[in-house]
Amino acid sequence: MAVGAEAIFGDSVVTTKLDSAIGWARESSMWPYIFGTACCAIEFMSVASSKFDISRFGAEVVRFSPRQADLMIVAGTISYKQAPVLKKIYDQMPEPKWVVSMGACACSGGFYDNYTTVQGIDSIIPVDVYVAGCPPRPEALIDALIQIQEQQAKEESIVKDRINTKFKGRLDA
Amino acid sequence: MHSHFDTKFKGLYKKDENGIFVVEQTFIKAAIKCLKEEDGFHFLADITAIDYLEFKKIKLTRFAIVYILRDNEFKNTITLKVYIEEDEGDLHVESISDIFFSANWAEREVWDQYGIKFLNHPNMKRVLNHKEFEGHPLRKDYPKTKGQLCTKTDDLMDEMIPRLEQKGYKSHNDLMFLNLGPAHPASHGTIRTFVALDGENIVSAVSEIGYLHRGFEKSCEDHTYNQIIPYTDRLNYCSAILNNIAFAHTVEGMLGVTIPERAQFIRVIIGELSRVIDHLVCLAANLVDMGALTNYWYLYNPREAVYDLLSKLTGARLTNSYMRIGGVAHDFYDGFEEDLAGCIKEIEQGMSDTLNLVEHNRIFHDRTQNVGIVSAEEAINSGFTGPNLRASGVAYDLRKTNPYYFYDTLDFDIAIGSVGDVYDRMMVRFEEIRQSISIIHQSMKILPKGNIIVSDRAIALPKKQNVYNDIEGLMGQFKLIMDGVRVPTREYYGAIEAANGELGFFIVSDGSGTPYKVKVRPPCFPAMSALPKMLEEGMIADSVLCLGSLNIIAGELDR
């Protein structure tokens, strides 16, 4: 017996734009790479755990290989020492890819306005969604995921290249 | 206490107003050697430096180095200080890394942050800042916000090749080099270990830290004491409140105040709860690392219950900032006791579910027993504290040896291991959770009524009611917010038993509301420096367990 969409549509045909179909598929199966460095990573553990359950949003397949991921969640402070590592991993992720900057430190350096902390990761890599908080509550990160999903649903995925060629970070030669 | 030192170095040292022994530069190594070998000060807690450039009182020289040692029973502490004379534009002192293994990284940190060289040190290079960094950030004339871009990661071959040569490898063509971290799922934050492999065996390992160096110590130098409390939250972010307590306890020690009894008990209760949730996350992550994922949910989910309780109590889940100098921020809310009982029930359930799965599990035993063994002697020499040291069979716990608050009236045991392997380190933590729960139960029973913060207006903020209704209250509030708590001129080391071990703060105060210098003695730092030795001759799969079982938290490791 058919369930879900098959039960409703049976053998009939649905017409839609290819972009919409791809966007629809993408938004429900993001594979995040967690660039967790500090306190925010502990909050990410909560997002992934049973209570908040990131799998409700189709993003529970956490990959620790950048080659297999399309969503980078930068959770924690990025120091100057860490910046080349962040850049390298971002570059290793295949297109299309999205970046969430989680927490005050990743967004702006937070209250670490000093000699060692990068004042916002958007000086190194492009960012799609910023999440405020120190650390943000799990709901705030889930909200960021939904924002990315909304972007993906709207995106002209095939026609337009997502690669941001205009972005030039401090580590781009 | 240190009679040999007293007689041998008579006239060569001076005790200053802070109780610190000032030793001449040329005798420092001999003095420390004598203290270790003859007087039994066998534990080096920390080494740090002070830059007196902007200090209001003129000191002998601009730089001084401070050594903090503990004796055999861990009861007595001795602090030594050396003023460093400039020698043809160069600052240097004899290294003690051949006397104490834990001095190795501590001295590297002093070089990195202050630019004081240690002669005959085996590997005098930076440890926290990156390779391309110029200057020494904790010097007073280094601008706080002057960041320096790092373009390349250190390949660490300059450390690896001598190490391989030591082990008798003339060429390394047959070996495979592998980076474990800094971005690795099992690297617990941002820790990098670079290993040389022969098949699956680790021949040689080198660790690099500093990827989460966030300039805590520099940031402290322009914040008032109470403003630093949020920074301390982010040291060991798995048990933020214990860091708050350690800092507040140290500053209260400098002020010479005793906080009200109720506040002390609140600190004990919430501190022990933090210890429990810290151990939970450590054990949960350890078990995931060996493939036992189910236990992760069993152990991690009770944390959510504790987060809810802490949110109600402090307003934050993770970074609580619950302590104030002189007491705590809020009293327990109505219904706290029931919530606490609910949390403890969940924790106990999670523990028993996990132990049912792993306690007699053959795979668990095979993976953990006799893996990553650290003997008691090595552990002390490396500066281990907390569960890691106790797993090696040394019953050192500041709550017992130097009891603070009411720990000496509470009935609890120190859990110790017998072998010092991964298994012991995990099982010690399981037992400590039980002991902490028992402490919480006992303390809740005898929780006295009363104030939660000292009533001294120079330390604690007045009630909001007074701020709005009378001039004295308003002025008190204004003064304290603008100037901070004024701490008398002192150099002081204070420590408590945090979840990971001895968490100490060495604070230099110049009498103002802002500390002149703050140095953290994180329990992770010495443990991390011993990791490469632990990994060598082991299997690559075990390296993940070794790292996890030490519970390295990057926030307090790199500060």
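The stops below cover backbone geometry, chain by chain.

This is a predicted model: local features need pLDDT of at least 70, side-chain atom pairs count only at pLDDT 80 or more, and totals for chains, interfaces and linings use all residues. Residues are numbered from 1 along each chain as its sequence is written, while chains are lettered from A and ligands numbered from 1 in the order in which they are written.

A word of background: most residues other than glycine have a negative phi, and most peptide bonds are trans.

Select A:Asp53. Its phi is near 50 degrees, a positive value in a residue other than glycine. A:Asp53 sits in the loop between α3 (39–48) and β2 (71–75) of chain A. Helices (H or I, at least four residues) and strands (E, at least two) are DSSP runs, numbered from the N terminus. Is A:Asp53 buried, exposed or partly exposed? A:Asp53 counts as partly exposed, with 13 C-beta neighbours inside 10 Å. The cut-offs: buried means 20 or more other C-beta atoms within 10 Å of the residue's own, exposed means 12 or fewer, and partly exposed is in between; C-beta atoms are placed from the backbone.

Next, select A:Glu95 and A:Pro96. A cis peptide bond joins them, with omega about -5 degrees. A:Pro96 is in the loop between α4 (83–92) and β3 (98–102) of chain A.

Move on to A:Cys134 and A:Pro135. The peptide bond between them is cis, and omega is near -10 degrees. Look for A:Pro135 in the loop between β4 (129–131) and α6 (138–154) of chain A.

Finish at B:Tyr405. Phi here is near 50 degrees, positive in a residue other than glycine. The loop between α14 (398–401) and α15 (422–446) of chain B holds B:Tyr405. B:Tyr405 is buried, with 22 other C-beta atoms within 10 Å.
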